[in-house]
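Work through the following exercises with the coordinates open. Each task is followed by a solution in steps.

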Amino acid sequence: MSTAEETTGRERRGELGAFLRSRRERITPADVGMPAGPRRRTPGLRREEVAQLAGVGVTWYTWLEQGRPIKVSTQVLDAVARTLRLDGTEHEHLYRLAEVPTATLSDTVGTPLPPDVQTILDGLLPLPAVVSNGRCDVLAWNAAYAALFPRVVRATGCERNSMWMMFTLPPCCNPVVNWEEETPIHVAVFRHRYIRHLGEPGWKELVERLQAVSPEFARLWAASHDVAIPGQRTKVFRHHAGGEIRTRTTNLEITASPGVRVVVYVPTDEESRDRIGWLLANPEAAAPDHTH
């Protein structure tokens, strides 16, 4: 095994241990019908209680949480997942962290976009639509998306990234209205994708750069091990010229480019629809406010 593979393995096992601890600590003895007992210092369940409920050895489970290189099976992981009450996304996340071969999915990125993608994006007008990869790099967009998020499309290189935008733009310029509600969800979705690319330089660099420039991202990344898959969400944006715009997002996978998706923003009310139309009709007004 190469040094790089050993490093990736240690990182993955470290993530596995942290994830299991975070899930264990959110379950109380009462949740599983066990008495709390005296002098309980550990939040949630103890390691030995998880092992008992899952029907596995205490030493084995302790080593698993400590990130030791031990062999695991889907049957044992399933028992742990049931004990920790993992949902479907968390269960898949557990498989990935434990490197269960039958649960490994292919999700390579970086392949060229199919030539018809831009035509499809333009055909979705007046709905804003964008193509992003798993790392949240913005790869292609239509005019409505450019009008709604001018700073993103005018960014260059690694800063043309929706995660970068969310965590680095100051409040005066950040388009996300419900920022405190959205940031934990974005990090949870990002972590779900990140594990598929653990050890890859581009992903690692993005996380390190975000940790360096955004205290909130650093806090969420270190403190929360929640994972989530993208789904329909209501997102509220504030445009400096167009005002507040409410949308519902839908993610559509591009099967020819694994890991790449089209995100479509559908206005949830007539006022938001009209404001997007106004931005499209007034591109100069939609440009970034250079006073910020």
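**Exercise 1. Cysteines**

Task: In this predicted model, find how far the sulfur of Cys173 is from the closest cysteine sulfur, and decide what that distance says about a bond.

Solution.
Step 1. The closest cysteine sulfur to that of Cys173 belongs to Cys172, at 3.0 Å.
Step 2. A disulfide requires the two sulfur atoms to be within 2.5 Å. The distance from Cys173 to Cys172 is therefore too far for a bond.
Step 3. Cys173 has a relative accessibility of 11% and counts as buried, because the cut-off for buried is under 20%.
Step 4. Extending the search to the whole structure gives zero disulfides. Cys158 is accordingly in no disulfide, and its nearest cysteine sulfur, in Cys136, is 13 Å away.
Step 5. Cys158 is partly exposed at 39% relative accessible area, while Cys136 is buried at 5% relative accessibility.
Step 6. Cys136 sits in the loop between β1 and β2 (138-141). Its phi is near 75°, a positive value in a residue other than glycine.

**Exercise 2. Packing of α2 on α3**

Task: Describe how helix α2 and helix α3 pack, and state which residues make the contact.

Solution.
Step 1. Two packed helices are described by the angle between their axes and the distance between the axes.
Step 2. For α2 (residues 47-54) and α3 (residues 58-65), the angle is about 120° and the axes are 9 Å apart. The pair is therefore oblique.
Step 3. The crossing of α2 and α3 is right-handed.
Step 4. On the α2 side the contact uses Arg47, Glu48, Val50 and Ala51; on the α3 side it uses Val58, Tyr61, Thr62 and Glu65.
Step 5. Sorted by class, these residues of the α2 and α3 contact are four nonpolar, one polar and three charged.

**Exercise 3. Packing of α1 on α3**

Task: Classify the crossing of α1 and α3 from the angle between their axes.

Solution.
Step 1. The axes of α1 and α3 come within 7 Å and cross at roughly 115°. This makes α1 roughly perpendicular to α3.
Step 2. In α1, the residues Leu16, Gly17, Leu20, Arg21 and Arg24 meet Tyr61, Leu64 and Glu65 of α3.
Step 3. The α1 and α3 contact contains four nonpolar, one polar and three charged residues.
Step 4. Tyr61 and Glu65 of α3 take part in this contact with α1. Tyr61 and Glu65 are also listed in the contact with α2.

**Exercise 4. The buried side of α2**

Task: Which residues of α2 are buried, and which helices do they pack against?

Solution.
Step 1. The buried residues of α2 are Glu49, Val50, Ala51 and Ala54.
Step 2. They pack against α1 (3-24), α3 and α4 (74-83).
Step 3. Glu49 has a relative accessibility of 7%, so it counts as buried.
Step 4. Not counting residues up to four places away in sequence, Glu49 touches Met34 and Arg40.
Step 5. After α2 comes Gly55, with a positive phi near 75°.

**Exercise 5. His93**

Task: Is His93 buried or exposed, and which residues beyond its neighbours in sequence are in contact with His93?

Solution.
Step 1. His93 belongs to helix α5 (residues 88-97).
Step 2. Its relative accessible area is 1%, so His93 is buried.
Step 3. With neighbours within four places in sequence left aside, the contacts of His93 are Phe19, Arg191, His192, Ile195 and Val227.

**Exercise 6. Backbone features in loops**

Task: Locate the cis peptide bond from Leu125 to Pro126, and find which loop holds Arg85.

Solution.
Step 1. The bond from Leu125 to Pro126 is cis, with omega near 10°. Pro126 is in the loop between α6 (117-123) and β1 (129-132).
Step 2. Arg85 is in the loop between α4 and α5. Although Arg85 is not a glycine, its phi is positive, about 55°.

**Exercise 7. The whole chain**

Task: How many helices and strands are in the chain, and what percentage of its residues are buried?

Solution.
Step 1. The chain has 14 helices and five strands.
Step 2. Of its 292 residues, 43% are buried.
Step 3. Along the principal axes, the C-alpha atoms fill a box of roughly 65 × 45 × 30 Å.
Step 4. Among contacts between residues at least 6 apart in sequence, 57% join residues at least 24 apart.

Note on methods:
Residues are numbered from 1 along each chain as its sequence is written. This is a predicted model: local features need pLDDT of at least 70, side-chain atom pairs count only at pLDDT 80 or more; totals for chains, interfaces and linings use all residues. Side-chain values use heavy atoms; hydrogens and water are left out. Axes are lines fitted to C-alpha atoms, for helices over the stretch in contact, and angles run from 0 to 180 degrees between N-to-C directions. Helices (H or I, at least four residues) and strands (E, at least two) are DSSP runs, numbered from the N terminus. Angles under 35 degrees count as roughly parallel, over 145 as roughly antiparallel, 65 to 115 as roughly perpendicular and the rest as oblique. A crossing is left-handed if the near helix is turned anticlockwise from the far one by less than a right angle, and right-handed if clockwise. Contact means heavy atoms within 4.5 Å. Ala, Val, Leu, Ile, Met, Phe, Trp, Tyr, Cys and Pro count as nonpolar, Asp, Glu, Lys and Arg as charged, and the others, Gly among them, as polar. Buried means under 20% relative accessible area, exposed over 50%, partly exposed in between (1.4 Å probe, protein chains only).
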